[in-house]
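This briefing concerns the sheet, the helices packed on it and the nonpolar cores of the structure shown below.

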Amino acid sequence: MRHLLSIRDLAAADLFKILALSEGAAHRVLEGKGVALYFEKPSSRTRNSMELAAAQLGGHPVYLQPAELGIGTRESVADIAHTLACYHAIIAARVFDHALLEQLAAVNAAPVLNMLSSSDHPLQAFADLLTIKQLLRRLEGVKVAFIGEGNNVSRSLAQGCALVGAEFSIACPEGYGLDDAPGVRQVIDPAEAVEGAHIVYSDVWVSMGGEDSEDRRAAFEPYQVDEALMARGSDAWFLHCLPARRGEEVTAPVIDGPRSAVWRQAENRMHTARGAMLWMMEKPQ
(Lines give C-alpha, C1' and ligand atoms only; values in the text may rest on other atoms or scores of the structure.)
Protein backbone atom coordinates (compact mmCIF):
# COMPACT_ATOMS: atom_id res chain seq x y z
CA MET A 1 0.00 0.00 0.00
CA ARG A 2 1.38 3.40 -1.00
CA HIS A 3 0.84 6.44 1.19
CA LEU A 4 1.91 9.88 -0.01
CA LEU A 5 2.47 12.19 2.93
CA SER A 6 5.67 14.06 2.04
CA ILE A 7 8.19 14.55 -0.75
CA ARG A 8 10.92 13.38 1.64
CA ASP A 9 9.32 9.92 1.68
CA LEU A 10 9.83 9.52 -2.09
CA ALA A 11 12.78 8.30 -4.09
CA ALA A 12 13.79 10.30 -7.16
CA ALA A 13 12.37 7.55 -9.39
CA ASP A 14 8.99 7.86 -7.65
CA LEU A 15 8.89 11.61 -8.20
CA PHE A 16 9.80 11.33 -11.87
CA LYS A 17 7.16 8.61 -12.28
CA ILE A 18 4.46 10.83 -10.74
CA LEU A 19 5.39 13.68 -13.10
CA ALA A 20 5.31 11.32 -16.09
CA LEU A 21 1.92 9.92 -15.06
CA SER A 22 0.65 13.48 -14.71
CA GLU A 23 1.24 14.10 -18.41
CA GLY A 24 -0.01 10.67 -19.50
CA ALA A 25 -3.39 9.11 -20.07
CA ALA A 26 -6.07 9.22 -17.37
CA HIS A 27 -6.45 5.47 -16.86
CA ARG A 28 -9.68 4.77 -15.02
CA VAL A 29 -8.10 2.96 -12.10
CA LEU A 30 -10.75 4.33 -9.74
CA GLU A 31 -13.75 3.13 -11.75
CA GLY A 32 -16.63 2.55 -9.36
CA LYS A 33 -14.53 3.57 -6.35
CA GLY A 34 -14.70 6.49 -3.97
CA VAL A 35 -12.07 9.04 -2.93
CA ALA A 36 -12.55 10.59 0.51
CA LEU A 37 -11.56 14.29 0.54
CA TYR A 38 -11.30 15.46 4.16
CA PHE A 39 -10.83 19.23 4.57
CA GLU A 40 -9.95 20.91 7.85
CA LYS A 41 -8.82 23.91 5.77
CA PRO A 42 -10.85 25.12 2.77
CA SER A 43 -9.18 25.52 -0.63
CA SER A 44 -10.52 26.36 -4.06
CA ARG A 45 -7.61 24.85 -6.03
CA THR A 46 -7.18 21.72 -3.92
CA ARG A 47 -10.85 20.81 -3.87
CA ASN A 48 -11.46 21.48 -7.56
CA SER A 49 -8.25 19.81 -8.74
CA MET A 50 -8.75 16.72 -6.58
CA GLU A 51 -12.42 16.28 -7.46
CA LEU A 52 -11.73 16.59 -11.18
CA ALA A 53 -8.67 14.33 -11.00
CA ALA A 54 -10.66 11.64 -9.19
CA ALA A 55 -13.45 11.90 -11.76
CA GLN A 56 -10.96 11.66 -14.64
CA LEU A 57 -9.75 8.37 -13.14
CA GLY A 58 -13.31 7.08 -12.92
CA GLY A 59 -13.68 7.68 -9.20
CA HIS A 60 -16.34 9.41 -7.14
CA PRO A 61 -14.97 12.13 -4.82
CA VAL A 62 -16.75 12.73 -1.53
CA TYR A 63 -16.10 16.05 0.26
CA LEU A 64 -15.91 15.70 4.06
CA GLN A 65 -15.65 18.31 6.82
CA PRO A 66 -14.51 17.92 10.44
CA ALA A 67 -18.03 18.14 11.89
CA GLU A 68 -19.09 15.17 9.76
CA LEU A 69 -16.33 12.85 10.96
CA GLY A 70 -15.54 13.97 14.49
CA ILE A 71 -12.15 12.42 14.01
CA GLY A 72 -10.31 11.92 17.30
CA THR A 73 -13.33 13.14 19.29
CA ARG A 74 -16.57 11.35 18.36
CA GLU A 75 -14.60 8.44 16.86
CA SER A 76 -10.99 7.34 17.00
CA VAL A 77 -8.62 7.95 14.10
CA ALA A 78 -8.36 4.19 13.54
CA ASP A 79 -12.13 3.68 13.44
CA ILE A 80 -12.56 6.57 11.00
CA ALA A 81 -9.80 5.18 8.75
CA HIS A 82 -11.38 1.71 8.72
CA THR A 83 -14.83 3.16 8.05
CA LEU A 84 -13.67 5.32 5.14
CA ALA A 85 -11.76 2.36 3.69
CA CYS A 86 -15.06 0.50 3.40
CA TYR A 87 -16.15 2.99 0.75
CA HIS A 88 -13.02 4.66 -0.65
CA ALA A 89 -9.91 3.56 -2.52
CA ILE A 90 -7.95 6.62 -1.27
CA ILE A 91 -8.25 8.80 1.83
CA ALA A 92 -7.02 12.33 1.06
CA ALA A 93 -6.79 14.90 3.82
CA ARG A 94 -5.98 18.61 4.14
CA VAL A 95 -5.16 19.12 7.80
CA PHE A 96 -3.56 21.43 10.33
CA ASP A 97 -1.47 18.78 12.10
CA HIS A 98 0.74 16.50 10.00
CA ALA A 99 0.61 13.92 12.81
CA LEU A 100 -3.02 13.18 11.91
CA LEU A 101 -1.95 12.03 8.45
CA GLU A 102 0.68 9.79 10.00
CA GLN A 103 -1.93 8.28 12.32
CA LEU A 104 -4.30 7.61 9.40
CA ALA A 105 -1.50 6.02 7.38
CA ALA A 106 -0.39 3.87 10.31
CA VAL A 107 -3.79 2.14 10.30
CA ASN A 108 -2.99 0.99 6.75
CA ALA A 109 -6.68 0.62 5.90
CA ALA A 110 -6.42 2.61 2.64
CA PRO A 111 -3.73 4.71 0.91
CA VAL A 112 -3.49 8.17 2.50
CA LEU A 113 -2.72 11.29 0.45
CA ASN A 114 -1.60 14.59 1.97
CA MET A 115 -3.53 17.49 0.41
CA LEU A 116 -1.68 19.91 2.77
CA SER A 117 -0.46 19.84 6.33
CA SER A 118 1.34 22.24 8.63
CA SER A 119 4.73 20.94 7.46
CA ASP A 120 4.23 19.63 3.91
CA HIS A 121 2.40 20.31 0.66
CA PRO A 122 3.52 17.61 -1.79
CA LEU A 123 0.70 18.15 -4.30
CA GLN A 124 1.77 21.77 -4.73
CA ALA A 125 5.39 20.72 -5.25
CA PHE A 126 4.36 18.24 -7.95
CA ALA A 127 2.48 21.00 -9.80
CA ASP A 128 5.43 23.38 -9.38
CA LEU A 129 7.94 20.88 -10.76
CA LEU A 130 5.72 19.88 -13.67
CA THR A 131 5.26 23.56 -14.56
CA ILE A 132 9.01 24.18 -14.43
CA LYS A 133 9.63 21.13 -16.62
CA GLN A 134 7.10 22.37 -19.18
CA LEU A 135 8.50 25.90 -19.20
CA LEU A 136 12.20 25.04 -19.37
CA ARG A 137 12.14 21.52 -20.88
CA ARG A 138 14.28 20.28 -18.01
CA LEU A 139 14.56 20.13 -14.24
CA GLU A 140 18.20 19.28 -13.65
CA GLY A 141 20.31 22.38 -13.15
CA VAL A 142 17.34 24.74 -12.98
CA LYS A 143 17.80 27.54 -10.43
CA VAL A 144 14.72 28.19 -8.30
CA ALA A 145 14.55 31.23 -6.00
CA PHE A 146 11.81 31.22 -3.38
CA ILE A 147 11.12 34.66 -1.89
CA GLY A 148 9.19 34.24 1.32
CA GLU A 149 8.77 32.18 4.44
CA GLY A 150 10.18 28.73 5.06
CA ASN A 151 6.79 27.00 5.18
CA ASN A 152 5.07 23.85 3.93
CA VAL A 153 5.15 25.05 0.30
CA SER A 154 8.83 26.02 0.23
CA ARG A 155 9.83 22.92 2.22
CA SER A 156 8.16 20.51 -0.20
CA LEU A 157 9.49 22.35 -3.25
CA ALA A 158 13.02 22.36 -1.80
CA GLN A 159 12.81 18.60 -1.22
CA GLY A 160 11.51 18.07 -4.74
CA CYS A 161 14.27 20.18 -6.25
CA ALA A 162 16.87 18.12 -4.40
CA LEU A 163 15.45 14.91 -5.88
CA VAL A 164 15.41 16.17 -9.49
CA GLY A 165 18.77 17.96 -9.43
CA ALA A 166 17.49 21.55 -9.37
CA GLU A 167 19.10 24.27 -7.25
CA PHE A 168 16.87 25.80 -4.59
CA SER A 169 17.50 29.09 -2.79
CA ILE A 170 15.24 30.83 -0.31
CA ALA A 171 15.37 34.48 0.75
CA CYS A 172 13.50 35.52 3.87
CA PRO A 173 13.91 37.61 7.02
CA GLU A 174 16.07 36.16 9.76
CA GLY A 175 14.06 33.72 11.85
CA TYR A 176 11.63 32.80 9.06
CA GLY A 177 13.74 30.26 7.17
CA LEU A 178 13.67 26.48 6.84
CA ASP A 179 15.06 24.70 9.88
CA ASP A 180 15.29 21.22 8.38
CA ALA A 181 16.63 21.72 4.87
CA PRO A 182 20.18 20.45 4.36
CA GLY A 183 21.66 21.59 1.06
CA VAL A 184 19.24 24.50 0.68
CA ARG A 185 20.84 27.90 0.13
CA GLN A 186 19.27 30.33 2.59
CA VAL A 187 19.96 34.06 2.33
CA ILE A 188 18.55 37.30 3.71
CA ASP A 189 18.84 39.41 0.56
CA PRO A 190 16.18 38.58 -2.09
CA ALA A 191 18.37 40.03 -4.85
CA GLU A 192 21.08 37.52 -3.95
CA ALA A 193 18.65 34.61 -4.23
CA VAL A 194 17.20 35.78 -7.54
CA GLU A 195 20.53 36.52 -9.25
CA GLY A 196 20.67 34.18 -12.26
CA ALA A 197 17.52 32.28 -11.27
CA HIS A 198 15.31 30.67 -13.90
CA ILE A 199 12.27 30.57 -11.58
CA VAL A 200 11.21 33.17 -9.03
CA TYR A 201 8.56 31.90 -6.62
CA SER A 202 6.56 33.83 -4.04
CA ASP A 203 3.88 33.08 -1.46
CA VAL A 204 1.65 35.15 0.81
CA TRP A 205 3.33 36.69 3.84
CA VAL A 206 0.66 35.32 6.18
CA SER A 207 -0.45 31.76 5.44
CA MET A 208 -3.94 30.48 6.26
CA GLY A 209 -4.16 30.14 10.02
CA GLY A 210 -0.85 31.96 10.48
CA GLU A 211 -0.25 34.83 12.83
CA ASP A 212 -0.72 38.27 11.27
CA SER A 213 1.08 41.17 12.93
CA GLU A 214 2.57 44.53 12.09
CA ASP A 215 6.03 43.19 12.97
CA ARG A 216 5.64 40.30 10.54
CA ARG A 217 4.49 42.54 7.69
CA ALA A 218 7.32 44.99 8.37
CA ALA A 219 9.81 42.11 8.26
CA PHE A 220 8.54 40.91 4.87
CA GLU A 221 8.04 44.31 3.23
CA PRO A 222 11.50 44.24 1.54
CA TYR A 223 10.61 40.85 0.01
CA GLN A 224 8.06 42.01 -2.52
CA VAL A 225 8.68 40.55 -5.97
CA ASP A 226 8.57 43.40 -8.47
CA GLU A 227 9.84 43.94 -12.00
CA ALA A 228 13.25 45.13 -10.80
CA LEU A 229 13.76 41.95 -8.77
CA MET A 230 12.59 39.74 -11.64
CA ALA A 231 15.11 41.45 -13.93
CA ARG A 232 17.94 40.03 -11.82
CA GLY A 233 16.96 36.53 -12.87
CA SER A 234 17.92 34.71 -16.03
CA ASP A 235 14.86 35.57 -18.15
CA ALA A 236 12.99 34.21 -15.16
CA TRP A 237 9.45 32.90 -14.93
CA PHE A 238 7.25 33.83 -11.97
CA LEU A 239 5.36 31.20 -9.96
CA HIS A 240 2.97 31.52 -7.02
CA CYS A 241 0.97 28.80 -5.25
CA LEU A 242 -2.03 31.18 -4.85
CA PRO A 243 -4.04 32.84 -3.47
CA ALA A 244 -1.96 35.98 -4.05
CA ARG A 245 -2.15 39.48 -2.61
CA ARG A 246 -1.15 41.92 -5.30
CA GLY A 247 0.72 44.83 -3.83
CA GLU A 248 2.09 42.74 -0.96
CA GLU A 249 4.32 39.77 -1.82
CA VAL A 250 4.10 40.48 -5.57
CA THR A 251 3.18 43.41 -7.79
CA ALA A 252 0.39 43.19 -10.35
CA PRO A 253 2.72 43.77 -13.35
CA VAL A 254 4.69 40.66 -12.34
CA ILE A 255 1.91 38.19 -11.51
CA ASP A 256 -0.23 39.38 -14.43
CA GLY A 257 2.68 39.85 -16.81
CA PRO A 258 3.98 37.78 -19.75
CA ARG A 259 6.56 35.89 -17.63
CA SER A 260 4.00 34.69 -15.10
CA ALA A 261 2.96 31.04 -15.30
CA VAL A 262 0.63 30.97 -12.30
CA TRP A 263 -2.44 29.80 -14.26
CA ARG A 264 -0.55 26.96 -15.92
CA GLN A 265 0.73 26.11 -12.44
CA ALA A 266 -2.84 26.15 -11.06
CA GLU A 267 -4.08 23.88 -13.87
CA ASN A 268 -1.22 21.50 -13.20
CA ARG A 269 -2.59 20.98 -9.70
CA MET A 270 -5.27 18.84 -11.37
CA HIS A 271 -2.87 16.94 -13.62
CA THR A 272 -0.42 16.16 -10.84
CA ALA A 273 -3.21 15.17 -8.44
CA ARG A 274 -4.19 12.65 -11.10
CA GLY A 275 -0.58 11.51 -11.45
CA ALA A 276 -0.19 11.16 -7.69
CA MET A 277 -3.31 9.01 -7.38
CA LEU A 278 -2.27 6.86 -10.35
CA TRP A 279 1.07 6.26 -8.63
CA MET A 280 -0.65 5.42 -5.34
CA MET A 281 -2.90 2.88 -7.03
CA GLU A 282 0.00 1.10 -8.73
CA LYS A 283 1.23 -2.06 -7.06
CA PRO A 284 4.77 -1.39 -5.77
CA GLN A 285 7.41 -3.46 -7.56
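**Sheet, helices and cores**

In this predicted model, helix α12, covering residues 262-281, lies across β8 and β9 and runs at about 45 degrees to β9. The sheet to which these two strands belong is open and has five strands. The points below treat the sheet, its pairing, a further helix and the nonpolar cores in turn.

**Sheet**

- The strand order is β7-β6-β5-β8-β9, and the pairing is parallel.
- From one strand to the next, the twist averages 20 degrees.

- Five bridges join strand β5 (residues 143-147) to strand β6 (residues 167-171) in the parallel sense.
- Within this pair, isoleucine 147 is placed opposite alanine 171 of β6.
- Helix α7 (residues 152-164) packs on the sheet and touches β5, β6 and β8 (199-202). The direction of helix α7 makes about 155 degrees with that of β6.

**Nonpolar cores**

- The largest nonpolar core comprises 54 residues, and those with the most contacts inside it are Met50, Leu113, Phe126, Phe168 and Met277.
- Helix α6 (residues 122-136) gives the most to this core, contributing seven residues.
- Neighbours within four places in sequence aside, phenylalanine 126 is in contact with Leu4, Ile7, Leu10, Leu15, Ile18, Leu19, Thr272 and Ala276.
- Another core, of 24 residues, lies apart from the largest one; among its members are Ile147, Ala197, Val206 and Leu229.

Note on methods:
Residues numbered from 1 in each chain as written. Predicted model: local features only at pLDDT ≥ 70, side-chain atom pairs only at ≥ 80, totals over all residues. Heavy atoms only, no water. Pairing = 2+ DSSP bridges. Helix = DSSP H or I, 4+ residues; strand = E, 2+ residues; numbered from the N terminus. Axes fitted to C-alpha atoms, helices over the stretch in contact; angles between N-to-C directions. Contact = heavy atoms within 4.5 Å. Core = buried A, V, L, I, M, F, W, Y, C linked by side-chain atoms within 4.5 Å. Buried < 20%, exposed > 50% of the residue type's maximum accessible area, 1.4 Å probe, protein only.
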